[in-house]
Amino acid sequence: MAARTDHTETTRVTIGEGDGCVFGGTQVPVIAGPCSVEGEQEILAAAEAVKAAGAHALRGGAFKPRTNPYAFQGHGEDGLKMLAAARDATGLPIVTEVLTPSDVELVSKYADCLQIGTRNSQNFKLLEACGKQSKPVLMKRGMSMTLDEYLQAAEYILAAGNGNVILCERGIRTFEDHTRNTLSLSVVPELHERTHLPIVIDPSHGTGKAHLVPAMSKAAMACGCDGLAIEMHIDPEHALTDGAQSITPAVLSDLMEDLARVAVAV
Ligand code: PEP
Ligand code: MN
């Protein structure tokens, strides 16, 4: 059960081999990388930058849930292969989105952690399929989902047999228009009361603006999040997707240093 009830400790969810990326323990891992896997060289350079900055896992979408059907949809299995090559080169575990139940087997063959996107957060057949495979699942909150609905959706993964679920707040839809979404940081302490599952914050989709990402990352850390998921691109201006909210490698490096200071202070 996702409910906190009998669990005094937050559940620890490990991504990849070894103990370099554990959510819910003393470490607060940072998953970073581009919105989309764009090409072999691009994802490799991004992975090297993520590693050099001291972040813990590489993200990148091979299957992209695009609002516009004519927009770049991702490289599919080729993108998964590029991610796997970047993992081989850097040792970073990889997190990537799965869009449909029929792709779960394929994505779990390559990924260290399967991401469920905000638009699929109540796709119960997809949640069940992710629950039937053994890789950890990073489950984004639906953009119009209450926390009660969120935890019931997560329960689909647990009920199907996979307890390695990491929750992820990525912003919700409000009237606010200075940001792409409204990043609800109060969910961190609230969810810690209600569930034993670890909670990650995604300040990139949460704000839609790269210049807001460092401040919201530090605020999330101060709130007690169990990890961060951040979009970083080696050349944000030319990113195929979500360039406006992607930080540069240099900003990520500085942020990792600042986060270490926040971690000591809280
Ligand atoms: C993503 O992580 O690139 C993504 C599409 O996220 P979300 O589902 O939160 O919009
Ligand atoms: Mn994105």
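A quick word on the model. It is predicted, so local features need pLDDT of at least 70 and side-chain atom pairs count only at pLDDT 80 or more, while totals for chains, interfaces and linings use all residues. Residues are numbered from 1 along each chain as its sequence is written, and chains are lettered from A and ligands numbered from 1 in the order in which they are written.

Now the overall build. The protein has nine helices and ten strands; these are DSSP runs numbered from the N terminus, with at least four residues of H or I for a helix and at least two of E for a strand. Its radius of gyration is 17 Å, close to the 18 Å from the globule rule for 266 residues, so the protein is as compact as a globular protein of that length. That radius is taken over C-alpha atoms, and the rule is 2.2 Å times the number of residues to the power 0.38.

How do the strands come together? Eight of them form a closed barrel, in the order E3-E4-E5-E6-E7-E8-E9-E10, with parallel pairing. Two strands pair if DSSP finds at least two bridges between them. As an example, E8 (residues 165-169) and E9 (residues 199-201) run parallel and are joined by three bridges. Across that pair, Glu169 stands opposite Ile201 in E9.

Next, which residues are around ligand 1? They are Cys35, Gly61, Pro65, Gly117, Thr118, Arg119, Lys140, Arg170 and His205, taking residues whose C-beta atom, placed from the backbone, lies within 6 Å of the molecule.

Let's finish with two single residues. Ala49 sits in helix H1 (residues 40-53). Is Ala49 buried or exposed? It counts as buried, because it has 22 C-beta neighbours inside 10 Å. Setting aside neighbours within four places in sequence, Ala49 is in contact with Met232, Ile234, Pro249 and Leu252; contact means C-beta atoms, placed from the backbone, within 7 Å.

The other one is Asp242, in the loop between strand E10 (227-231) and helix H9 (249-265). Asp242 has a positive phi of about 55 degrees although it is not a glycine. Asp242 is buried too, with 20 other C-beta atoms within 10 Å.

Definitions and conventions
A residue is buried if 20 or more other C-beta atoms lie within 10 Å of its own, exposed if 12 or fewer, and partly exposed in between; C-beta atoms are placed from the backbone. Two residues are in contact if their C-beta atoms, placed from the backbone, lie within 7 Å.
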